[in-house]
Amino acid sequence: MRTVITLLFVFACFLSTAPVFGAEPDAMKQVDVLMNKMTLTEKIGQLNQYSSTFDITGPPPADEAGQARLEHIRSGQVGSMLNVVGVAATRRAQELAVKNSRLGIPMLFGFDVIHGYQTMFPIPLAEAASWDMAAVEQSARIAAVEAGAAGLHWTFAPMVDISRDARWGRVMEGAGEDPYLNAIVAAARVRGFQGDDLSKPDTIAACAKHFAAYGFAEAGRDYNTAEISDDTLFNVVLPPFKAAVDAGVATVMNGFNEVNGIPVTADERLQRQLLKGEWGFEGMVVSDWGSIGELMPHGVAADLKQAAHLAITAGSDMDMESSAYLKHLPELVKAGLVDEKIIDDAVRRVLLLKAKLGLFEDPYRYCDAQREKEVIYSESHQAAARDVARKSIVLLKNKDNLLPLKKDMGVLAVIGPLADDKDAPLGSWRGKGVTDSAVSLLAGIKAAVGKNVTVRYAQGATLGVGTRSFVEELSLNHDDRSGIKAAVEAARGADTVIMALGEEAFQSGEGRSQVEIGLKGVQMDLLKAVHAVNPNIVVVLSNGRPLVLTEINDMVPALVEAWHLGSQSGHAVADVLFGDHNPSGKLPMSFPRHVGQLPLYYNHKKTGRPGPDPGGLVFWSHYTDMPNSPLFPFGFGLSYTTFDYGDIALSNKEIAFDEKLTITTTLTNTGKHSGAEVVQLYVRDLVGSRTRPVKELKGFQKITLAAGASQKVSFTIDSNDLAFYTRDGQWRAEPGEFVVFIGTNSRDVQEARFTLKQGRQLN
Ligand code: NOJ
């Protein structure tokens with residue numbers, strides 16, 4: 001196993017050249033000096049993290065639990081807090097710790113800044129659809145600038161969990177189904193949040209989560225068991241985490257889930273052996289919320305004391321909201337059950353992060369009220385949010401070039417429950433995004449067309465689901481058809497109808513798994529009624545997960561995937577609808593034809609019966625009532641222009657382990673508009689010691705071309721790019737024949753073959 005892990009480390013090194021989160025001598029010295037002065041209780045206090053349960057700036061909490069927490073802060077038994085936000089609150093909380101505790105050690109303030117602090121950017125799944133790493137990095141950068149200005153030191157992002165199941169609500173928070181794309185996005189987000197120096201107040205520590213395999217929750221049900229092979233763990237799940245570590249991520253969060261019978265919070269192999277051992281991660285591991293306590297209901301710990309014992313031994317350094325460490329580590333150490341060296345190692349990691357953030361020089365360096373006022377939600381941040389949002393839009397269908405629309409058409413009907421919604425675009429996990437603060441689609445369209453077009457608006461229906469709170473959901477009328485009539489009248493005779501359909505913000509996200517992933521409520525009825533009087537429809541979808549669009553796709557001529565795009569959503573969508581921005585997004589997850597196809601992913605195995613059966617029999621791996629293929633494949637997305645791919649040329653037909661192969665094609669913009677295309681490179685290993693996926697993404701380039709222009713596009717790969725977790729537990733390439741594919745998505749590709757000659761991996 002050690003060799004495998006080492007080789008995995010070697011493999012992942014190619015993903016980034018940035019240094020790992022390292023222990024610089026000065027910071028280490030500072031930490032050592034401090035640790036020499038600390039009592040065991042004070043050390044354990046550093047491993048305790050509380051959420052803010054009372055108003056820090058208000059009067060002291062009246063209840064006993066609040067009083068106890070306050071006292072813990074004052075006595076140096078709280079190393080970190082989450083959900084204390086804003087300069088006033090973080091300063092006040094910091095004062096409580098620094099001014100009252102014996103050693104005055106500052107606390108770390110963490111918050112879920114997932115896709116923006118107050119200026120909301122597209123949800124991470126949408127941003128991944130941009131395949132534009134400069135945009136992804138910029139979004140994280142701005143989130144850090146705003147969060148840092150609000151007194152925060154640490155975000156619990158990026159989530160780098162791969163998922164193949166759109167029923168899982170948290171797919172909105174990651175970069176989709178592919179390990180390569182996830183790895184590249186993870187590194188870009190870490191760079192964006194952390195910048196090049198953590199001590200600058202406009203950078204914050206990042207956190208790669210949830211280590212590991214949380215996205216493989218069975219049946220897409222959040223928090224559910226994950227049961228995966230080492231093949232999937234090493235080849236699919238771990239590479240994005242390794243990429244985040246290589247990019248210097250300061251912290252890692254474990255998760256709620258178990259993998260193959262072991263809850264990850266108590267998994268020594270993952271945290272201590274792999275992450276901290278073989279990968280050399282020197283940062284800190286935080287538990288997920290209460291996940292140490294959850295070792296009891298998981299059934300691996302009889303009580304909280306045993307849970308604390310298991311978690312600290314496994315390598316979980318900080319206890320988020322279980323109070324298990326605070327309550328039980330002192331007695332566990334005194335009884336000799338936990339070696340104090342383990343505590344010291346965990347404390348050193350926490351203090352090292354504080355040192356790197358510059359908190360020992362100035363515990364209040366992130367608490368600048370003037371900066372908070374100036375930078376949060378600034379105009380330049382809004383402009384960036386609009387730009388990233390339009391880059392994240394994916395054009396799924398555009399029959400007869402219905403889009404882009406003209407800004408001088410006569411009558412435009414804008415219909416649907418999401419048309420004038422200023423909240424859904426903010427998405428789930430919205431930091432301090434202000435409710436109802438986004439630019440709605442209707443507002444964006446009106447701003448784009450001015451007085452040149454008559455815009456008729458009708459809501460038509462509600463979303464048919466309300467997940468902001470359970471109470472709200474129960475009170476909703478899911479079958480209300482009363483708005484459909486007015487919508488039909490608005491659509492009648494209009495030149496074009498734009499229908500805004502999909503999901504509200506909190507229909508996806510944590511705890512929001514669904515068994516049906518189509519349009520809820522009476523949205524389909526609304527669409528059909530409108531379609532009956534005016535079929536010239538552009539459906540603009542807002543959603544946090546892949547949806548089943550089979551029926552809609554058959555019905556309407558144009559489909560735009562607009563996800564939850566953040567503060568500037570309406571402007572960004574209007575930019576695309578009216579051709580001010582030519583769409584170039586590509587799907588980071590397969591869109592199924594039917595929910596029964598899930599889990600569905602392009603990089604699947606071939607099986608022994610890939611079919612179809614030449615005799616027309618049923619005995620091959622398929623469904624008898626639906627094709628195996630998705631409706632829209634991974635990597636799919638259209639443009640207002642067209643691109644032609646020339647033949648693939650290979651620099652060699654054969655390469656040795658130490659040689660490189662260059663794969664070249666010529667991309668031509670054959671349409672009438674300038675546009676950007678994501679050229680995708682996939683590889684297939686034809687025969688391996690383990691079964692290999694039918695295709696694996698190995699590279700991509702986003703190329704912008706003027707109408708009529710051509711450009712050569714080349715990719716260079718070597719045996720490191722072909723390496724995988726082999727049958728004998730090694731990370732290496734195996735000699736033999738490979739297929740290389742280049743194309744506009746994972747389905748529509750051209751291919752060529754080459755051979756990797758006999759030999760061995762060099763490192
Ligand atoms: C639970 C979530 O799983 C995790 O991702 C998040 O960071 C924490 N809660 C803190 O809010």
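Tutor: Strands β21 (residues 675–685) and β22 are paired antiparallel over nine bridges; two strands count as paired if DSSP finds at least two bridges between them. Helices (H or I, at least four residues) and strands (E, at least two) are DSSP runs numbered from the N terminus. The model is predicted, so local features need pLDDT of at least 70 and side-chain atom pairs count only at pLDDT 80 or more, while totals for chains, interfaces and linings use all residues. Residues are numbered from 1 along each chain as its sequence is written, and side-chain values use heavy atoms, with hydrogens and water left out.

Within this pair, Gln680 has Phe700 of β22 as its bridge partner. Strand β22 spans residues 696–705, and seven of its ten residues are buried, so the rest of the structure largely encloses it. Buried means under 20% relative accessible area, exposed over 50%, and partly exposed in between (1.4 Å probe, protein chains only).

Parallel pairing is found in an open sheet of five strands, ordered β4-β3-β2-β1-β10. Its edges are β4 (154–155) and β10 (319–320), each with a single partner strand, so one side of each has no neighbour in the sheet. Inside this order, β2 (residues 80–82) and β3 (residues 108–111) pair in the parallel sense over three bridges, and Met81 has Phe109 of β3 as its bridge partner.

Turning to the helices, α9 (residues 230–246) has 16 of its 17 residues buried, so it too is largely enclosed by the rest of the structure. Helix α9 bends by about 55 degrees at Leu238, with Pro239 following within four residues; the bend is the angle between axes fitted to the seven residues ending at a residue and the seven starting there.

Glu504 is buried, with a relative accessible area of 4%. Its C-alpha atom is separated by 9.3 Å from that of Pro417, 87 residues apart along the chain.

Helix α20 (residues 523–533) also packs against α19 (residues 484–491): their axes come within 9 Å and cross at roughly 35 degrees. Here axes are lines fitted to C-alpha atoms, for helices over the stretch in contact, with angles running from 0 to 180 degrees between N-to-C directions. Residues in contact (heavy atoms within 4.5 Å) include Ile484 and Val488 of α19 and Asp525 and Leu526 of α20.
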